[in-house]
Amino acid sequence: MKRSVPFEIFRYAAILAAMAVTLVPILWMVSMAFKPIGEWSATGADLTWWPRQPTLANFQFVFGHSTNDLIVALDHTAVKPILSSLLSAVFGTVIAMSAGTAAAYGLSRFGSGQNLPLALIQLRLFPPMAVMIPVMIMWAFLNLNDTWWGLALIYGIVTLPFAFWLMKTFFDDLPREIEEAALVEGCSRLRVFTRITLPMMRAPLASAALFVFILNWSDYLIALLLTTREWVTIPVYMASLSSSMTGQLYGAKAALGLIAAVPPVIMGIAIQRHLVRGLTFGALKQ
Amino acid sequence: MSAVTATIAEDKMEARTKPATPNEGARLGFRLTLPAQILVLFISAFPLLMQLYISVTDWSPLSGIGWWNAWEMWNSFANYTDLAADTRFWSALQRTAIVMLVCVPAEFLLGLALATLFADDFPGKRIFYSILLMPMMVVPAVAGYMFFMLFQSGGPVNDILSRIVGGPVTIAWLSDPTLALIAVMVADIWQWTPLMFLILLAGLVGVPEDQMKAATLLGANAWQRFTTIVLPKMKTIIIIALAIRVIENFKIFDTLYIMTGGGPGVATETISVYIYKVTTQDLIWGYVAAIALAILIVLSIVAVYAMKRMAKGREVPV
């Protein structure tokens with residue numbers, strides 16, 4: 001439909017306003033990450049929207065290099081939290097995607113596990129806080145507290161609903177003719193699944209895995225409860241920096257925030273096409 | 001005639017795809033779903049029984065006995081009667097409801113307005129779209145830290161305000177009970193309006209254009225087209241979008257806890273923050289189990305209802 005000129009002006013004005021609101025918080029953190037300590041909490045007339053003397057000192061600081069301005073010593077550097085975030089999110093994704101994909105295929109093709117759709121929606125519905133007491137007790141019993149593999153296991157379970165529902169809708173959409181042709185050729189059903197269906201689903205699998213990874217990477221609450229020192233993740237580590245005696249380490253925390261924020265934003269843009277499907281449990285497709 | 005041929009063809013197909021052994025498919029299906037079933041059982045059945053058991057005792061990790069011996073601390077449902085009289089719990093619940101009643105409608109209306117602007121093509125649409133979606137991909141804890149910085153009394157929000165009013169503004173956003181709650185809600189709206197926008201836009205482009213054109217020819221204005229064609233077509237999608245946000249908003253923790261820690265005092269203490277504090281500071285896990293179970297039961301009922309809606313939604317061609 002052709003729109004009028006005033007409408008176009010209004011549209012661009014509204015979108016630009018929305019863009020400003022969207023970007024200011026992000027840009028403020030980016031700017032803070034590159035500010036030297038003197039500009040961190042400058043207020044009033046001294047408040048700078050962009051660093052006057054951009055520096056990498058904040059990044060060097062969180063990786064353990066002491067700088068002249070910062071006399072604080074870190075208990076441990078950001079290296080291990082980054083490793084913890086990566087390992088737990090990656091292996092959590094592996095668990096969720098393996099169990100979820102297999103189960104989705106089982107339900108989509110053979111009608112097995114009819115209870116799973118509702119059970120998994122319920123799993124998603126519960127606030128993690130409301131099931132954490134037994135989980136903390138079980139994890140302590142299994143010696144999984146404060147380990148990245150313990151986090152990976154709970155992440156795998158927490159994001160299983162998304163992996164399952166996403167893959168189920170992808171399988172439901174896939175025409176069965178090719179699989180049926182392979183069956184006629186004498187392939188076993190398992191072979192059809194591993195050699196024919198899965199390779200055809202490479203792109204949807206990758207999108208679903210990225211989606212699940214973003215969710216795992218974004219966690220804060222579970223890591224806060226299940227890790228204490230050795231394997232804290234980036235968000236937990238970032239939050240813990242504030243309790244040091246020199247007050248807020250604005251720049252250092254912003255640098256960590258930036259490190260945490262970049263991967264999911266890039267991945268999210270890469271899988272934009274499937275976001276609606278993922279977020280609505282496949283109820284909507286784009 | 002053609003119908004008969006089709007039936008025969010279907011029968012042939014059935015015959016061809018029949019597995020060599022009759023139950024091969026069923027057995028493979030069972031094996032494929034087994035890992036997921038085990039994980040679900042692992043996280044539901046046993047933990048629920050454990051939670052139920054602990055919830056009728058005074059057990060805490062500091063009580064010096066294993067949780068399986070918690071029966072020694074049996075307190076004959078005192079946790080549940082305590083819960084009914086726990087003003088801090090009820091006010092946390094009330095606060096969670098207030099946050100939800102402000103945030104979800106605000107996100108919905110802003111998202112719908114944005115989606116309307118994006119309904120047809122215009123230059124720059126793709127890049128604007130990608131940028132506007134960014135907040136929902138930012139790690140919530142990091143978003144919390146962003147807004148923690150923004151709302152400092154010497155921070156950028158006050159800087160913008162002071163430029164507008166022309167004098168220094170030093171509002172202590174996060175240390176005032178009311179303002180802190182507003183700041184927390186602003187952060188939630190910033191982060192999740194994009195989700196509403198994304199879902200509603202997906203629904204909006206599914207509204208058939210010929211119907212819109214026909215309505216225009218019949219003299220319907222934009223508002224009439226919106227209320228008589230667009231809204232009814234999008235009903236299910238709107239319900240799904242609202243349901244998702246209501247569910248997620250009820251759990252609100254990360255951004256809020258990083259920004260205010262539930263404070264000042266208990267001014268921004270929502271249900272998740274309250275449970276977190278009782279779990280980690282007061283350590284009365286028997287009581288936490290009782291709160292958690294009460295919430296789980298209520299939410300389970302909601303789940304069944306939401307599930308029915310979702311099933312309906314899938315029939316809508318989008």
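Me: What does the accessible surface of chain A come to, and how much of it belongs to carbon and sulfur atoms?
Reply: Bear in mind that this is a predicted model. In chain A the accessible surface comes to about 11700 Å², and carbon and sulfur atoms hold 65% of it.

Me: How many of the residues in chain A are buried?
Reply: Here a residue is called buried when its relative accessible area is under 20%. By that cut-off, buried residues make up 58% of the 286 residues in chain A.

Me: Which elements make up chain A, helices or strands?
Reply: Chain A has 15 helices and zero strands. Its C-alpha trace spans about 75 × 65 × 35 Å along the principal axes.

Me: What share of the contacts in chain A is between residues 24 or more positions apart?
Reply: Counting contacts with a separation of 6 or more, 72% are between residues 24 or more positions apart.

Me: And the charges: how many side chains of chain A are positive and how many negative?
Reply: There are 19 positive and 14 negative side chains in chain A. The centres of these two sets lie 7 Å apart.

Me: Now the interface. How much area do chain A and chain B bury between them?
Reply: The general idea is that the size of an interface is often given as the accessible area lost when the parts come together. In this case chain A and chain B bury about 9000 Å², with 79% of that on carbon and sulfur atoms. The contact takes 105 residues from chain A and 99 from chain B.

Me: How many salt bridges are counted between chain A and chain B?
Reply: The count is two. One of the salt bridges joins the side chains of R11(A) and D120(B), at 2.7 Å from N to O.

Conventions: Residues numbered from 1 in each chain as written. Chains lettered and ligands numbered in written order. Predicted model: local features only at pLDDT ≥ 70, side-chain atom pairs only at ≥ 80, totals over all residues. Heavy atoms only, no water. Helix = DSSP H or I, 4+ residues; strand = E, 2+ residues; numbered from the N terminus. Buried < 20%, exposed > 50% of the residue type's maximum accessible area, 1.4 Å probe, protein only. Contact = heavy atoms within 4.5 Å. Areas by Shrake-Rupley, 256 points an atom, 1.4 Å probe, with all protein chains shown as cover. Lys, Arg positive; Asp, Glu negative; His and termini not counted. Charge placed at Lys NZ, Arg CZ, Asp CG, Glu CD. Buried area = accessible area lost by both parts, 1.4 Å probe. Salt bridge = Lys/Arg side-chain N within 4 Å of Asp/Glu carboxyl O.
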